[in-house]
Amino acid sequence: MSEPTEKSPGFASPPCLAHEIDPVYAGTAAVDPQQALDVARWRKAERARLLAQRAALDGDTRKAAAIAVTRHLDAWLADRFDTLDDLTISAWWPIKAELDLRDWLATLARRGARAALPVVTVRSAPLVFRAWTPEMKMKRGVWNIPVPAHGPDIIPDIVMSPLVGWDRGGYRLGYGGGYFDRTLAALTPRPLTIGIGLDAARIATIFPQPHDIAMQAIVTETGMARLECDEKAP
Ligand SMILES: Nc1nc2c(c(=O)[nH]1)N(C=O)[C@@H](CNc1ccc(C(=O)N[C@@H](CCC(=O)O)C(=O)O)cc1)CN2
Ligand SMILES: Nc1ncnc2c1ncn2[C@@H]1O[C@H](COP(=O)(O)OP(=O)(O)OP(=O)(O)O)[C@@H](O)[C@H]1O
């Protein structure tokens, strides 16, 4: 499939922080419907390619990548926060060969922080988050993903989101539900956002659309990714 062309500036990676001041980048400018369709089609094919590439990795490679990621995350947290006390950090219950960070997530409670998982309560609406510990009773949510059966909705300080693909603008490709974008758009103040995935999942650009919200940092097994906007790095 050929790549969508960049007819409108709304489809290019915005220059750093341009989305804060320019309606084109802020997502309030008109979108060319044909181009939106082209991008959606292109993303579908890219997603399939990246998911197949990830699924083909052996389990040990994925496990090693997950451990490396948690080392980089710990270094980042230590650098950024004097203490983890009272921090709420959300991650995910792994599906489709995503990196499994659950052991690391479980250590957060012992370190004074709180782990959380995303929950789809309403289709095509923002995610909610619930506190998670390994002992907790779980139930099956959408796509059969286990979610905490009970507990109040909480708002994380840090939202870590799994990446199917990513680019150096900090933009992510997920499963196509738009859940993380909708969730981040709805949260004020916005939590810190960290995308987590494999180095090999990097693509030149995801052709960011007005609804796409860039991650402030991206961590892979090789470390904190260098992003085009240094200002975005937390
Ligand atoms: N492990 C994990 N948990 C997660 C996410 C994730 O990415 N990883 N999510 C992160 O978002 C949320 C679930 N995401 C979902 C994304 C899409 C669909 C869905 O129904 N997709 C449609 C196809 C959409 C399309 O291609 O346009 C489908 O399968 O029919 C469901 C849940 C919350 N939990
Ligand atoms: N803030 C929003 N409000 C309404 N619709 C949105 C919003 N953000 C994204 N969407 C819709 O969600 C759909 C999928 O978006 P996109 O391709 O960016 O998903 P994704 O980032 O890969 O998925 P996910 O975030 O679930 O991992 C798009 O059709 C988009 O219009």
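Residues count from 1 along each chain as its sequence is written, while chains are lettered from A and ligands numbered from 1 in the order in which they are written. Because the model is predicted, local features need pLDDT of at least 70 and side-chain atom pairs count only at pLDDT 80 or more, while totals for chains, interfaces and linings use all residues.

## The sheet

Start with the overall layout. Eight strands form an open sheet with mixed pairing. Their order is β6-β3-β2-β1-β7-β10-β11-β12. Strands here are DSSP runs of E with at least two residues, helices are runs of H or I with at least four residues, and both are numbered from the N terminus. Two strands pair if DSSP finds at least two bridges between them. β6 (153-154) and β12 stand at the edges with a single partner strand each, so one side of each has no neighbour in the sheet.

Helices pack on this sheet too. Helix α3 (residues 59-80) touches β10, β11 and β12. Its direction makes about 140° with that of β11. Helix α4 (residues 102-110) touches β1 (88-90) and β2 (114-119). The direction of α4 makes about 135° with that of β2. Contact means C-beta atoms, placed from the backbone, within 7 Å. Axes are lines fitted to C-alpha atoms, for helices over the stretch in contact, and angles run from 0 to 180 degrees between N-to-C directions.

## A closer look at β11

Strands of a sheet pair through backbone hydrogen bonds, either parallel or antiparallel. Strand β11 (residues 217-220) takes part in both kinds. With β10 (residues 192-196), β11 pairs in the parallel sense over 3 bridges. G195 has I218 as its bridge partner in β11. With β12 (residues 223-224), β11 pairs in the antiparallel sense over 2 bridges. V219 is bridged to M224 of β12, and T220 to G223. β11 and β12 make a hairpin with 2 residues between them.

Are the faces of β11 covered or open? Both are covered: A217 and V219 on one side, and I218 and T220 on the other, are all buried. Buried means 20 or more other C-beta atoms within 10 Å of the residue's own; exposed means 12 or fewer; partly exposed lies in between, with C-beta atoms placed from the backbone.

Most residues other than glycine have a negative phi, and most peptide bonds are trans. The peptide bond from T188 to P189 is cis, with omega near -5°. P189 sits in the loop between α5 and β10. S124 has a positive phi near 55°, and lies in the loop between β2 and β3 (128-131). S124 counts as exposed because it has 9 C-beta neighbours inside 10 Å. F207 has a positive phi of about 55°, in the loop between β10 and β11. F207 is buried, with 25 other C-beta atoms within 10 Å.

## The two ligand sites

Definitions and conventions: Two residues are in contact if their C-beta atoms, placed from the backbone, lie within 7 Å.
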